[in-house]
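Let's go through this one by question and answer. Have the sequence and the 3D view open side by side.

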Amino acid sequence: MSDNLQIGVSREEGDKNVSVLRLTGSLDANTQNQLEDKAKETIDGGAEYLVLDMSGVDYLGSAGMRAIHAITNQLSPEESSMRSARLKVLSPSPAAAKVFKTLGFDSFIDIHDNLDEAIAAL
Amino acid sequence: MPHFKADLGQLSRIREFVTETAAALGVVPTALDDLRLAVDEAVTNIIVHGYRGAGEITLDITADGNDLVVELRDEAPAFDPTAATTGKPRQPEAHTSPGGFGLYLIRQSMDEISYRRTSAGNELTMRKRDVVKGVR
């Protein structure tokens, strides 16, 4: 068990079924499953589009990226190798954004710094 | 020398230890993210792919001139991360090999990585050059 990561979920008003997962804390090998489980629960609950708000994430490692990769596959299994149309990432720290870029995830997941923009891009 | 339990629940404490020790040694703040990342990934690999159960990890962080040197020791089965192949992941699907993402991040974050198998276990040394600037 860990209290190193807190995840708040909110459903956005609008035509599309968009949920925002607000992450606070560390996204590492210890908390990877927490994020995957919460995302699965949210998708199983009907969410078709997700925004991952990472403004409160103080650490992102490869385990966190694996979780994000698993979520994109769950949202759009049929287009897993293409740019994700159903998941957007919001406001990662410079260190987290660097991990995205180093591992090449920026080539298939869009990063936004504004929630309205992220939702409009879905 | 600081010892940590091989438990994923220790990762945040280990990252704090890296931050505090490196800062006390006079490491420039801009290098701290890379150091935390490299140590977290290396320790995660030891826990997940090495021990796969209970064990202990020794983490030693020292300054060698202007270089910062991180030494990790464990008693898990032999694993040489410097021998594993990793390329730049263009397609994430291509990176399903265990620990592959983490090893790639370690190599991008540190300047030198060396591995030794000793009678006591695995010994991984990671060096980041020219980051120790403070007066010690």
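Q: Is B:Ala42 buried or exposed?
A: First, some ground rules: this is a predicted model, where local features need pLDDT of at least 70, side-chain atom pairs count only at pLDDT 80 or more, and totals for chains, interfaces and linings use all residues. Residues are numbered from 1 along each chain as its sequence is written, while chains are lettered from A and ligands numbered from 1 in the order in which they are written. A residue is called buried with 20 or more other C-beta atoms within 10 Å of its own, exposed with 12 or fewer, and partly exposed in between, the C-beta atoms being placed from the backbone. B:Ala42 has 27 C-beta neighbours inside 10 Å, so it counts as buried.

Q: Which residues does B:Ala42 touch, leaving out those up to four places away in sequence?
A: B:Ala42 sits in helix H2 of chain B; helices are DSSP runs of H or I with at least four residues, strands are E runs of at least two, and both are numbered from the N terminus. Contact here means C-beta atoms, placed from the backbone, within 7 Å. By that test the partners are B:Leu72, B:Ile106, B:Leu124 and B:Met126.

Q: At what angle do H2(B) and helix H3 of chain B pack?
A: Axes are lines fitted to C-alpha atoms, for helices over the stretch in contact, and angles run from 0 to 180 degrees between N-to-C directions. H3(B) covers residues 100–109, and its axis lies 9 Å from that of H2(B). The angle comes out at about 145°.

Q: Which residues of H3(B) make the contact with H2(B)?
A: On the H2(B) side, the list includes B:Leu37, B:Ala38, B:Glu41 and B:Ala42. B:Ala42 and B:Gly102 are 60 residues apart in sequence yet 7.3 Å apart in space, C-alpha to C-alpha. The H3(B) side is made up of B:Gly102, B:Leu105, B:Ile106 and B:Ser109.

Q: Why are H1(A) and H2(A) called roughly parallel?
A: The axes of H1(A) (residues 32–44) and H2(A) (residues 62–75) come within 9 Å. Angles under 35 degrees count as roughly parallel, over 145 as roughly antiparallel, 65 to 115 as roughly perpendicular and the rest as oblique. H1(A) is therefore roughly parallel to H2(A), as the two cross at roughly 15°.

Q: Where is A:Ser91, the non-glycine residue with a positive phi?
A: Most residues other than glycine have a negative phi. A:Ser91 has a positive one of about 50°, and with 18 C-beta neighbours inside 10 Å it counts as partly exposed. Its place is the loop between strand E4 (87–90) and helix H3 (94–102) of chain A.

Q: Is B:Arg52 buried or exposed?
A: B:Arg52 has a positive phi too, near 50°. B:Arg52 lies in the loop between helix H2 (32–51) and strand E2 (56–64) of chain B. It has 11 C-beta neighbours inside 10 Å, so it counts as exposed.

Q: What is the radius of gyration of chain A?
A: Chain A has 4 helices and 5 strands, running β-β-α-β-α-β-α-β-α from the N terminus on. The radius is taken over C-alpha atoms, and the globule rule is 2.2 Å times the number of residues to the power 0.38. For 122 residues that rule gives 14 Å, and chain A is close to it, so it is as compact as a globular protein of that length, with a radius of gyration of 13 Å.

Terms used: Contact = placed C-beta atoms within 7 Å.
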